[in-house]
Amino acid sequence: MTRLNFFPVQASTEAPHTDLIYFGLIGFSLAVTLMVVGLLVVFAIRYRRGSGAKRGTLPKWIERDFEIGWTSAAFFLFLFAAFWTGATRLSALTPPSDAMEIHIVAKQWMWKTQHPNGAREINALHVPVGEPVRLAMTSEDVIHSFFAPAFRIKQDVLPGRYAQAWFNATKIGTYHLLCTQLCGTEHARMIGDIIVMSRADFSQWLASQPHADDLVTEGQALFASLGCSACHDGASKVRAPRLDALYGRPVDLADGSHAVMDDSFIREMILQPSAHVVRGYDAIMPSYSGLVGDEELLRLAAFIRSLGQAEHGDRG
Amino acid sequence: MTAAALHDEYPPQAASYLRDGHSLWSWLASTDHKRIAILYAISITMFFFVGAVAIAIVRVELVNPNGQFLSDDTYNKLFTLHGIVMVWFFLIPSIPNTFGNFLLPLMIGAPDVAFPRLNLFSWYLNIAGGLFTLYAVVAGGVDTGWTFYTPFSTMFSNSHVLAAAAGVFVAGFGSIATGVNFIVTIHMLRTRGMAWFRLPLFVWSLYATSLVLVLATPVLAVTLLLVIAERWFGFPIFDPTHGGDPLLFQHLFWFYSHPAVYIMILPAMGVVTEVITCFARRRVFGYTFMVYAMVAIAGIGFFVWGHHMFVSGQSPYASLIFSFLSFVVAVPSAIKVFNWTATLYRGQITFEAPMLYALGFIGLFTIGGLTGLFLASIPIDVQVHDTYFVVAHFHYIMVGGSVSAFFAALHFWWPKITGKLYDEAWARFAAILMFFGFNFTFFPQFLLGYLGNPRRYHVYPPEFQVYHVMSSTGASVLAAAYLLPPIYLIWSLLYGKSSGDNPWGATGLEWTTRSPPPKHNFLAPPTIETGPYEYHEKGEAPEAGPRVPHRAQSEPR
Amino acid sequence: MSAAALREPWTRLSRQREAATFGMWVFLTSELLFFSGMILIYAACRYLQPAGFLVVARETNVWFGTINTIVLLTSSFAMAVAAQAGDAKLRRLAIACLAATVALGLAFLTIKGFEYREDIQKHLLPGAGFAIAAPGAQLFFSIYWVTTGVHAIHLSVGIVLVGRLVLVTARRELPLSSPELHATALYWHLVDVIWVILYPLLYLGGRS
């Protein structure tokens with residue numbers, strides 16, 4: 001006999017906050033519903049036709065004052081609710097800067113995940129407990145959506161751009177990963193497992209994965225093999241921006257606008273360099289559209305990101 | 001002159017609209033708004049049946065977590081069919097094009113709508129659109145969901161998206177034509193003395209609805225056109241590989257589709273006011289606020305579409321603004337719920353079927369509206385977006401709300417439209433059965449949603465099964481409840497007692513003429529000297545006496 | 001003759017005319033929203049692909065576009081004169097101007113036809129084999145074909161309506177005072193206004 005569940009397990013740092021709002025709204029809704037239904041029932045009985053209840057003259061001001069009263073009450077209550085539910089979790093939008101980066105590529109009808117050291121999984125994601133995990137996600141075809149109900153996170157994953165989500169798992173266990181944007185025939189079967197392990201178990205698991213180059217090393221190899229270093233290396237004769245320590249920094253563009261060097265910007269620059277010419281440079285970078293796949297773009301971005309961290313002494 | 005005296009004036013040859021021609025052609029070519037209303041009533045009933053059968057099959061399938069007898073593709077096509085047919089071919093035309101068409105000229109004292117031939121043309125546009133859509137079904141179905149998200153609908157789906165999109169596109173022009181017709185009718189055909197703030201709230205609801213129809217539907221038309229252009233001609237517009245943005249589709253689509261839900265609920269709200277005032281024998285509480293609330297819902301409703309896109313990748317700052325506005329749009333709805341409840345205070349309440357449906361509406365709409373607040377909160381929406389929570393929310397409003405109001409209207413105005421009485425006992429039984437069946441079907445879905453059961457899932461993790469079984473059981477009760485009205489209403493048509501002109505003792509202008517009305521509605525254009533809902537003197541309470549209108553709207557003070 | 005124009009539920013022709021004009025204005029509002037959707041798509045795509053749009057906007061034929069704009073503006077002028085002549089009961093002038101409107105409308109469509117043919121020959125139909133490789137180029141031309149195509153459909157409907165007016169007015173089946181004249185004139189002016197907005201967006205980009 002299945003236990004009747006009402007709420008999913010709270011398995012992330014965000015889950016208690018979401019649930020608090022949920023319970024608060026339930027309490028409010030229960031109160032309002034009981035009040036309305038209660039009044040309906042009481043009035044229906046008391047004022048049924050022919051009942052002896054008093055029905056004399058109502059003073060005129062009642063209508064106006066009640067109206068203004070409950071309109072204002074509703075307005076201010078809802079205003080507060082909008083603030084409480086919306087603004088109090090604004091900080092949850094930004095992932096912690098030391099979050100472990102996982103790359104996710106969604107396609108009809110599976111989830112492909114990749115760890116920073118190169119370990120790959122299909123329809124599964126092993127993560128350590130108690131550590132923030134940042135997901136950089138893209139789709140190979142249609143819009144999918146990454147949903148982990150136990151963590152209370154959801155993010156649509158779009159083709160042609162990067163979507164970001166993050167979580168910090170607080171409970172060891174296995175949880176559903178569900179696609180929640182209709183993506184075709186097997187949309188309902190695009191289910192995976194997120195396995196949260198203790199740090200020790202996770203290190204063990206990671207070490208036992210088939211050896212593959214980590215994302216940064218693969219990105220570095222691509223950087224050379226695709227000819228990027230021919231221009232972007234410091235010793236090159238071609239005048240091209242150096243990419244050291246630029247990740248996350250603002251970039252001035254030739255048309256006067258600004259952009260931030262993030263994963264999406266890097267992707268666009270590789271695929272459509274003439275769209276965002278950097279100020280002070282000529283528009284001579286060739287486009288790699290059609291020559292570079294989604295997963296390779298993720299690796300290149302990871303490599304350029306690692307260059308940006310070189311200043312902070314993380315790498316040799 | 002009293003209403004009774006007016007009736008004595010009707011010559012025997014002021015034949016009812018039902019007797020004005022008996023051939024099929026006299027119905028299919030009629031420009032009489034009452035006959036066009038009946039044409040719509042027949043077509044929406046047929047579409048409702050199609051949409052209902054589709055979802056009945058789905059609910060049977062969902063009893064088993066691994067499915068039962070459907071393929072994944074067929075399942076996806078069935079819920080898509082349900083959504084498309086129910087939204088565009090049942091809910092949107094339901095109250096405005098049946099009861100709105102029938103009653104609007106009657107309620108304002110006019111002989112017909114402003115453009116009767118356009119009215120007939122609207123019905124044919126609706127039918128043509130419906131035929132395109134049914135062709136899509138028969139040819140193999142559509143599997144994109146009623147929301148047609150790109151790039152799946154434009155570049156990946158192997159189903160008949162074009163035919164379905166074309167069907168909705170064509171039907172949309174019928175909606176726009178109805179909106180234009182109603183707006184001009186209300187502005188220019190009100191009879192002498194029928195000032196704006198003497199209009200019944202049902203008329204105001206049709207006005208607000210028509211504004212939304214005229215302003216929102218064209219955006220749907222252009223969105224579908226672009227989907228057709230991308231899919232049929234291969235013109236990239238939303239295609240990210242050519243630099244387009246699939247989110248653009250979502251913005252355009254929801255810019256229409258959110259106001260569309262107000263098209264579906266505003267007329268229902270108008271009906272509820274008409275019914276509650278009549279069966280509580282009371283003037284409506286706060287008439288002016290009720291008017292402004294409906295106009296506010298229609299207006300603010302245009303600025304909340306982004307709450308369908310909180311997790312889509314749109315800017316978090318835009319999301320905050322949409323969240324705030326979504327909370328604000330709930331305020332006028334709350335006002336209406338309070339005003340309906342207050343209308344019962346010191347009334348003389350009776351519980352005929354229309355009243356049961358109207359009271360059910362208030363409760364179910366309140367629950368549906370409150371769950372809308374959950375969805376307006378960004379963190380909660382992150383959890384429940386695209387899950388069964390959303391499905392439950394909108395069914396509480398659309399079915400618990402609009403469909404309840406539709407049945408309230410059907411029973412309330414049945415004597416006016418047909419001149420017959422329906423069987424009250426069976427009608428009450430059906431109303432109560434519907435209420436329980438509905439709650440049993442949809443309340444478990446709130447729980448499913450927060451637990452994480454996504455919507456549009458053919459198969460689901462087995463721990464959710466108990467709720468699906470509850471929901472499917474409730475659905476079978478609901479289905480039985482829906483089968484009752486056709487039976488006893490057809491019986492009423494054939495064998496029902498004659499109702500007399502105003503069996504409920506209601507005060508609206510429509511009740512001062514014959515039941516069923518003559519072809520040109522009134523013998524002479526009535527003159528109005530009072531406001532609506534004069535069930536008792538202002539400031540006093542109604543009497544418990546026999547059912548007579550205290551003062552019909554056409555009677556002088 | 002006024003009886004022929006008067007229709008249920010109206011009791012006075014002047015009231016019916018007011019209603020027709022008002023109804024047409026309401027309908028035109030919905031048409032404005034329809035085209036606004038397309039213009040919004042244009043704006044969004046241009047924001048996403050500014051360089052591409054500039055490069056490819058030069059590929060539209062500004063001569064055809066400008067001549068067509070003059071033709072359409074003149075047709076609107078003719079239509080306005082026709083409506084005024086109708087009010088002043090100047091029958092021959094009204095019919096002549098309506099006929100001129102039809103002729104100019106047909107001229108627009110003919111020129112548009114030549115333009116489309118040239119566009120196809122220059123491989124400016126989005127799809128495989130599209131002439132320009134710049135990102136966003138196909139986006140621009142998708143919008144070009146859809147908006148000018150939909151505009152042409154609206155214009156064709158207008159031509160049919162005005163053409164019918166010419167015939168029934170010449171044959172005296174409809175009086176000049178009928179509501180249809182002003183309502184049709186309003187519709188024609190909208191088609192013109194839409195083109196005036198589309199013209200700079202589609203033809204004048206990247207040419208300054």
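## Helix packing, a sheet and a chain contact

The crossing of α5(B) and α7(B) is left-handed, a term used if the near helix is turned anticlockwise from the far one by less than a right angle, with right-handed for clockwise. This is a predicted model, in which local features need pLDDT of at least 70, side-chain atom pairs count only at pLDDT 80 or more, and totals for chains, interfaces and linings use all residues. Residues are numbered from 1 along each chain as its sequence is written, while chains are lettered from A and ligands numbered from 1 in the order in which they are written. Helices (H or I, at least four residues) and strands (E, at least two) are DSSP runs, numbered from the N terminus.

Two packed helices are described by the angle between their axes and the distance between the axes. For α5 (residues 116-138) of chain B and α7(B), the axes come within 7 Å and cross at roughly 165 degrees. Axes are lines fitted to C-alpha atoms, for helices over the stretch in contact, and angles run from 0 to 180 degrees between N-to-C directions. The two helices α5(B) and α7(B) are therefore roughly antiparallel to each other (angles over 145 degrees; under 35 is roughly parallel, 65 to 115 roughly perpendicular and the rest oblique).

Helix α7 (161-188) of chain B also belongs to the side of chain B that touches chain C, as do α8 (201-232) and α9 (246-280), each giving two or more residues. The contact takes 34 residues from chain B and 31 residues from chain C, where residues are in contact if their C-beta atoms, placed from the backbone, lie within 7 Å. On the side of chain B, α8(B) gives the most, with 11 residues.

The table gives the classes: Ala, Val, Leu, Ile, Met, Phe, Trp, Tyr, Cys and Pro count as nonpolar, Asp, Glu, Lys and Arg as charged, and the others, Gly among them, as polar.

| α5(B) with α7(B) | 15 residues | 10 residues | no residues |

Chain A has an open sheet of 5 strands in the order β4-β10-β9-β6-β7, with mixed pairing; two strands pair if DSSP finds at least two bridges between them. Because β4 (124-128) and β7 (153-157) of chain A stand at the edges, each with a single partner strand, one side of each is left without a neighbour in the sheet. The twist averages 20 degrees from one strand to the next. Strands β9(A) and β10 (residues 191-197) of chain A run antiparallel and are joined by 6 bridges. Here Tyr175(A) stands opposite Ile194(A) in β10(A).

Conventions:
Contact = placed C-beta atoms within 7 Å.
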